[in-house]
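Trainee: I would like to learn how to read helix packing and pockets in a model. Please take me through an example.

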Amino acid sequence: MARFLIVEARFYDHLNDMLIAGAKAAIKAAGHDAEVVTVPGALEIPGAIALADESGHYDGYVAIGVVIRGETYHFEIVAGESARGIMALTMDGTPIGNGILTVENEEQALVRADPAQKDKGGEAAKAAIALLALRDRWS
């Protein structure tokens, strides 16, 4: 049994709840355990994962959050930099599933977050599980 940490940037509670439900269900279905920690925003997710990974308490990670385009350039910065940080950690061998939604509006987010529809939280968890299996295979 592997131990996964779900790191969420809680901004849209109802959307995050769906993403986390999907991630937890996928992790449990695979026979693993999950814990959830909350950070202020999507930009803090890679830092939290890096700190948690240094502890050695977790085998893999799932990043959860929702970034909805607004009227300013802030959307591009948050979406791009959170993805860049996660990718950098992944390239260093940390198994991470990226479930941070970057969408135009709440309607798109609802469809993607809902476990009964696109289940992006569950998909992110499955990606983390797959990356952990590959790391273990090649270690």
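Trainee: How are helix 1 and helix 5 oriented to each other?

Mentor: Start from the angle between the axes. An angle under 35 degrees counts as roughly parallel, and 65 to 115 as roughly perpendicular. In this predicted model, helix 1 (residues 13-29) and helix 5 (residues 120-138) pack at about 40 degrees, so the two are oblique to each other. Their axes lie 6 Å apart.

Trainee: Is the crossing of helix 1 and helix 5 left-handed or right-handed?

Mentor: The crossing is right-handed.

Trainee: Which residues meet where helix 1 and helix 5 touch?

Mentor: From helix 1 come Leu-19, Gly-22, Ala-23, Ala-26 and Ile-27. Helix 5 brings Lys-120, Gly-121, Gly-122, Ala-125, Lys-126 and Ile-129. Sorted by type, this contact has six nonpolar, three polar and two charged residues.

Trainee: Now the pockets. What does a probe tell us about empty space?

Mentor: A probe the size of a water molecule, rolled over the atoms, shows where empty space is left. Here the largest pocket holds about 300 Å³ of space.

Trainee: How many residues line the largest pocket, and which lie nearest its centre?

Mentor: The lining has 19 residues, and Phe-11, Val-66, Val-67, His-74 and Val-78 are nearest the centre. Strand 3 (60-68) and helix 3 (74-91) are the elements that give two or more residues to this lining. Strand 3 gives the most, with four.

Trainee: What kinds of residue make up the lining of the largest pocket?

Mentor: Eleven are nonpolar, five polar and three charged.

Technical notes: Residues are numbered from 1 along each chain as its sequence is written. This is a predicted model: local features need pLDDT of at least 70, side-chain atom pairs count only at pLDDT 80 or more; totals for chains, interfaces and linings use all residues. Side-chain values use heavy atoms; hydrogens and water are left out. Axes are lines fitted to C-alpha atoms, for helices over the stretch in contact, and angles run from 0 to 180 degrees between N-to-C directions. Angles under 35 degrees count as roughly parallel, over 145 as roughly antiparallel, 65 to 115 as roughly perpendicular and the rest as oblique. A crossing is left-handed if the near helix is turned anticlockwise from the far one by less than a right angle, and right-handed if clockwise. Contact means heavy atoms within 4.5 Å. Ala, Val, Leu, Ile, Met, Phe, Trp, Tyr, Cys and Pro count as nonpolar, Asp, Glu, Lys and Arg as charged, and the others, Gly among them, as polar. On a 1 Å grid over the protein atoms alone, a cavity is a set of points where a 1.4 Å probe fits but cannot get out, and a pocket is an open set with protein on both sides within 12 Å along at least five of seven lines; lining residues have an atom within 4 Å of a point. Grid points are joined across faces, edges and corners, and a volume is the space filled by probe spheres set on the points.
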